Amino acid sequence: MPDHATIPLPPTEPLDDVQRLDRVRAYADHLQRRRTVRDFSDRPVPRAVIEHCLRAAASAPSGANQQPWRFVAVADAATKRRIREGAEAEEREFYARRAPQDWLDALAPLGTDADKPFLETAPWLIAVFYERFGIGADGVKEKRYYPHESVGIATGLLIAALHGAGLATLTHTPSPMGFLNEILGRPKNEMPYLLLVVGHAAEGCRVPAIERLPLAQVAQFID
Ligand SMILES: Cc1cc2nc3c(=O)[nH]c(=O)nc-3n(C[C@H](O)[C@H](O)[C@H](O)COP(=O)(O)O)c2cc1C
């Protein structure tokens, strides 16, 4: 008997292998249709939808179950404007001075630039943070184990949940993102991870004509 408390594994749906293959094929097809959107409409999205997507994200596994992710969901117009101003200030620096030419070359097929109107147009911005370290009740720093890996997995689940809810997302990483702590009033032990722009794609939205690598290039089987 283990010396730690346990509960029964929550039940999973019983599937035979034919059903399993159908299910996962449909799910992979569904995820293949996700594309990063940079042209959003202002059509609102109910807060409850965002809450459930965040619940899905927060179900992620995490190092030592420390759940280091923190999410700030912003629909308030004035706060979105401040975030846009902060992001565009960093992006102007990035495109004009900070970015090396090879980075700019890699971005060229995406057609991105320093203007980020979607930060105000889209109904929701979700700022994702992770705890670099915890702060105990006595104010003492607590170590966090694998916070980057954990928040990355949670963010992946969040993007999948938002896509599953029929919403469009943009993963945005203005660099550096310290302005998010300031605007959103988050403590110094929380590191901004990325900013997700969430909503509906604008009518007639187009996305870059880019390809995904074939499975054989990104996956190896040894069986
Ligand atoms: C960590 C990360 C950072 C990204 N940062 C930006 C960004 O700052 N601005 C942007 O327009 N797209 C950004 N993207 C979106 C990528 O350009 C996009 O995922 C990639 O081109 C593939 O396109 P797809 O998402 O439509 O498959 C980022 C994506 C990731 C995963």
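Analyst: One definition comes before the questions. A residue is buried if 20 or more other C-beta atoms lie within 10 Å of its own, exposed if 12 or fewer, and partly exposed in between. The model is predicted.

User: Is Ala165 buried, exposed or partly exposed, and which class does its neighbour count give?
Analyst: Ala165 lies in the loop between α6 and β5. It has 14 C-beta neighbours inside 10 Å. Buried needs 20 or more, and exposed means 12 or fewer. Because its count is 14, Ala165 is partly exposed.

User: At what angle do α2 and α6 pack?
Analyst: Helix α2 covers residues 47-57 and helix α6 covers residues 147-164. Their axes are 7 Å apart. The crossing is right-handed. The packing angle is about 145°.

User: How many nonpolar residues does the contact of α2 with α6 have?
Analyst: From α2 come Cys53, Leu54, Ala56 and Ala57. From α6 come Ala154, Thr155, Leu157, Leu158, Ala161 and Leu162. The contact has no charged residues and 1 polar residue. The nonpolar count is 9.

User: Which element gives the most residues to the shell around the ligand?
Analyst: The residues around the ligand include Arg35, Arg38, Leu110, Leu170, Thr171 and His172. By class, the shell has 5 nonpolar, 5 polar and 2 charged residues. With 3 residues, the element that gives the most is β5.

User: What is phi of Gln67 near?
Analyst: Gln67 sits in the loop between α2 and β1. It counts as partly exposed because it has 19 C-beta neighbours inside 10 Å. Its phi is positive, in a residue other than glycine, and is near 45°.

User: And what is phi of Tyr146 near?
Analyst: Tyr146 lies in the loop between β4 and α6. It has 15 other C-beta atoms within 10 Å, so it is partly exposed. This residue is not glycine, yet its phi is positive, near 55°.

User: What share of contacts with a separation of 6 or more do residues 24 or more positions apart account for?
Analyst: The chain has 8 helices and 6 strands. From the N terminus they run α-α-β-α-α-α-β-β-β-α-β-α-β-α. Among contacts with a separation of 6 or more, the share from residues 24 or more positions apart is 80%.

User: What percentage of the residues is buried?
Analyst: Along its principal axes, the C-alpha trace spans about 60 × 50 × 40 Å. The protein chain has 223 residues. The buried share is 26%.

Terms used. Residues are numbered from 1 along each chain as its sequence is written. This is a predicted model: local features need pLDDT of at least 70, side-chain atom pairs count only at pLDDT 80 or more; totals for chains, interfaces and linings use all residues. Axes are lines fitted to C-alpha atoms, for helices over the stretch in contact, and angles run from 0 to 180 degrees between N-to-C directions. Helices (H or I, at least four residues) and strands (E, at least two) are DSSP runs, numbered from the N terminus. A crossing is left-handed if the near helix is turned anticlockwise from the far one by less than a right angle, and right-handed if clockwise. Two residues are in contact if their C-beta atoms, placed from the backbone, lie within 7 Å. Ala, Val, Leu, Ile, Met, Phe, Trp, Tyr, Cys and Pro count as nonpolar, Asp, Glu, Lys and Arg as charged, and the others, Gly among them, as polar. A residue is near a molecule or strand if its C-beta atom, placed from the backbone, lies within 6 Å of it.
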